[in-house]
Amino acid sequence: MSTRTPIVAGNWKMFTTAADATAHCRSLAELVADVSGVEVAVCPPYIALEAAATAAEGSGISVFAQAVHEAAEGAHTGEISAGMILSTGATGTLVGHSERRAAGETDDQVAARVRAALDAGLRVIMCCGESLEQREAGATLDWLTGQVRAGLAQVSPDEQDAIAIAYEPIWAIGTGRVASPQQAEEACAHVRSVAAERFDGDGLRVLYGGSVSPDNAAELFAQPNVDGGLVGGASLDPQKFAAIVRAGAPD
Ligand code: PGA
């Protein structure tokens, strides 16, 4: 039996103002107040991090950014650093989401950004996942091997607890076309085995993401190698997200 505590994280993407985030976190805190055994995180846009962190204080809900730049400061218009994220009260960040990779984020940048986040004391959820073409070509597991090895290239074995990896097939993100529990299990088990080249592997949290909803979450999260989920669309509704959090809690 694994002793891993699942994580259910809500990726709000480019939705919500600071005022929305305050209301959202307050209602989420009430909705999940009686849930235990699962870690809850929300990932608001940068401008709402501080409001979310303030509203979530004392609730046990963690606040993560959606991305981070590897430099501590500098001439990087539109970017923000790990130290800046930390200064908002947020305690972690996503790195390498497929929407960031599609906008040009490279494997090397993902590795450097994971490193910069950890150096600043932030926790990290690093994302990986294949395209539909890669899946149909039978290239999924090789692709994940490359992304996981590259992303963890600068991480040391004793940092496992500060990192989780989210497996998010690109074809399942925002499409309503969720991976089957078997597909999620196979990929998450593979991610864990690749990460085990660096960590002990068994203690690493590996999440599934891509069209997770209250209807499919329990079956996905019941897979032995799926330790919760990264949730986009359904996380914008506190009721739906709370139902998904409950699906991640141990029986
Ligand atoms: P989705 O997004 O749940 O809307 O598919 C998941 C994600 O992008 O993290």
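**Entry 1: the model.** I noted at the start that the model is predicted.

Entry 2: Which strand does strand 1 meet at residues 228–231? I found strand 8 there, joined to strand 1 (residues 7–11) by 4 bridges, and the two run parallel.

**Entry 3: strands 2 and 3.** I then checked strand 2 (residues 39–43), which pairs with strand 3 in the parallel sense over 2 bridges. Here A41 stands opposite S62 of strand 3. Are the residues on the two faces of strand 3 buried or exposed? I found S62 and F64 on one side and V63 and A65 on the other, and all of them are buried. Both faces of strand 3 (residues 62–65) are therefore covered, given that buried means under 20% relative accessible area.

**Entry 4: strand 5 and its neighbours.** I followed strand 5 next. Strand 4 (residues 92–95) is joined to strand 5 by 4 bridges, and they run parallel. Within this pair, T93 has V124 of strand 5 as its bridge partner. Strand 5 also pairs with strand 6 (residues 163–167), in the parallel sense, over 5 bridges. There I noted C128, whose bridge partner in strand 6 is Y167. Why is strand 5 largely enclosed by the rest of the structure? Of the 6 residues of strand 5 (residues 123–128), 5 are buried, so the strand is largely enclosed.

**Entry 5: the ligand.** How many residues surround the ligand? I counted 13, and the closest are K13, H97, E168, G174 and S211. By class, the shell has 4 nonpolar, 7 polar and 2 charged residues.

With E168, an N or O atom of the side chain is 2.6 Å from an oxygen atom of the ligand. With G174, a backbone N or O atom lies 2.6 Å from a ligand oxygen atom. With S211, a backbone N or O atom lies 2.7 Å from an oxygen atom of the ligand. I also noted the cover: on its own the ligand has 280 Å² of accessible area, and the protein covers 95% of that.

Methods: Residues are numbered from 1 along each chain as its sequence is written. This is a predicted model: local features need pLDDT of at least 70, side-chain atom pairs count only at pLDDT 80 or more; totals for chains, interfaces and linings use all residues. Side-chain values use heavy atoms; hydrogens and water are left out. Buried means under 20% relative accessible area, exposed over 50%, partly exposed in between (1.4 Å probe, protein chains only). Two strands pair if DSSP finds at least two bridges between them. A residue is near a molecule or strand if one of its heavy atoms lies within 4 Å of it. A polar contact is a pair of N or O atoms within 3.5 Å; within protein, one must be able to donate a hydrogen and the other to accept it, and residues adjacent in sequence count only if both atoms are side-chain atoms. Accessible areas come from the Shrake-Rupley method with a 1.4 Å probe; for residues, only the protein chains shown count as cover. Ala, Val, Leu, Ile, Met, Phe, Trp, Tyr, Cys and Pro count as nonpolar, Asp, Glu, Lys and Arg as charged, and the others, Gly among them, as polar.
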